[in-house]
Amino acid sequence: MPARRLAARWVLPIVGPPVEHGAVLIGLDGRIEAVGPDSSVPRPAGAESDSFGDAILLPGLINTHTHLELTGLAEGPPARDFPAWIRRLRQRKAERTWDEVVAAAGSGVVACWAAGVTTVGDTGDSGAVIEALSAAGGSGIAYQEVFGPDPAQCAESLAGLQAKLELTGRFAGGRVRSGVSPHAPYTVSGALYAATAEWARQENLPMAVHIAESLDESLLLSRGEGGFAEAWRTREIPVPSPLGDTPVGWLDRHGVLTDRTLCIHVVQVSPEDIALLVRADAPIAHCPISNRAHAHGTAPLDALLDAGLRVGLGTDSVVSVGKLDLLAEARAAAALAGLGADAALDLCTWAGARALGLESEIGSLARGMWGDCTVIRPDSRTAAETPAARALASAPEDVVATFVGGKDVYRAERTV
């Protein structure tokens, strides 16, 4: 791949001040060689050059929580009965053929690029997303889900996870990584949590877990009540023992909380839970629009940030939110925590990279980082004054180009 030079009215490095009439040079290896004023960035012979005029160039957006294998399954606002909604979703997933799942995952990757997202933290049980990322030359962590609410299932579930990782491991490499995801307290026993966490440590695998999302989840662990508890009793699965934990406390009890455990949602939390997260230095995937769509409540984003936790933004799935729009998530987060435009953009770039443990590779425009870039041309009617505010106010339809490691993966004028 030849070197590539990108120029725009504004370049937002995220880790430094905006550069008016700026440019970025990406080398043959796909990494950034120079960032700065257009007049000072080299123009090597043979480099492909793009000038985007009155546009804004920023790092590729980082979506810390997706379910790309669910692409195409959106059917309107989710039901407010969360346990019933989960059961319905599992049925709909089971109705798809393998070819349909693979096609959905590939479509999801392309849709991310069209929305300016260049790296994902994806959770799923099919294994299709890591295959799609590998085939497309994408970037991300594919967390393989494991289920098993009955402690008697622990050995079988863990063996299934290990076999799945051995099968999909051939797609990991380069910028595509494998991880594991013991799904959630309402689908994973304490024994399986502990066994998965220990195996992940042995194999040096990052983890992701849906946690403290719904009231029913909290009721299951604290009192053995609620919709999930009723479903367990129907299936003759013993409720968690001992009762009395919060979801975050349950993770801590079973050795799951670490600095490589991405905690997704984190809505139903107390100050004591936040202290546990801080002690573990556990990163957070904050999904404000999904939380609202399911009526789970409002995550204490300001408290999580004030505590110094690494918080990135996620969209969750199309089934929860419809269109995956990470900048809309950033606006929702800004409103929730009283953030300015710069801080809100940080959540879906540099902070997202930190949440995934990839801050040395992505999330900012700096020498040595991957040349992941998103070019946005905001609607001329946008009233925002600063380039960061104009970028934040934009939508996927305003993305005009996306590059992954300098590779041209999306142009608005092309059909994707």
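Reader: Is Tyr193 buried or exposed in this model, and how is that judged?

Author: A residue counts as buried when its relative accessible area is under 20%. In this predicted model, Tyr193 has a relative accessible area of 0%, so the residue is buried. Tyr193 belongs to helix α5, residues 190–203.

Reader: Which residues are in contact with Tyr193, beyond its neighbours within four places in sequence?

Author: Among them are Pro182, His183, Ala184, Pro185 and Val188, together with Val209, Trp250, Leu251, His254 and Val256.

Reader: How should the length of helix α2 be checked?

Author: One compares the expected span with the distance between the end C-alpha atoms. The expected span is 1.5 Å times one less than the number of residues, so the 17 residues of α2 (residues 98–114) should span 24 Å; the end C-alpha atoms are 25 Å apart, which agrees. After α2 comes Gly116, with a positive phi near 85 degrees.

Reader: Which residues of α2 are buried, and what covers them?

Author: The buried residues are Val101, Ala104, Ala105, Gly108, Val109, Cys112, Trp113 and Ala114. Their cover includes β7 (117–124), α3 (128–136), β15 and β16.

Reader: How many residues of strand β15 are buried, and which strands pair with β15?

Author: In a regular strand, side chains alternate between the two faces of the sheet. In β15 (residues 399–404), six of six residues are buried. Strand β14 (residues 373–376) pairs with β15 in the antiparallel sense over four bridges, and Ile376 has Val399 as its bridge partner. Strand β16 (residues 407–411) is also antiparallel to β15, joined by four bridges, with Ala401 opposite Arg411. A hairpin is formed by β15 and β16, with two residues between them; Gly405 in the turn has a positive phi of about 55 degrees.

Conventions: Residues are numbered from 1 along each chain as its sequence is written. This is a predicted model: local features need pLDDT of at least 70, side-chain atom pairs count only at pLDDT 80 or more; totals for chains, interfaces and linings use all residues. Side-chain values use heavy atoms; hydrogens and water are left out. Buried means under 20% relative accessible area, exposed over 50%, partly exposed in between (1.4 Å probe, protein chains only). Two strands pair if DSSP finds at least two bridges between them. Contact means heavy atoms within 4.5 Å.
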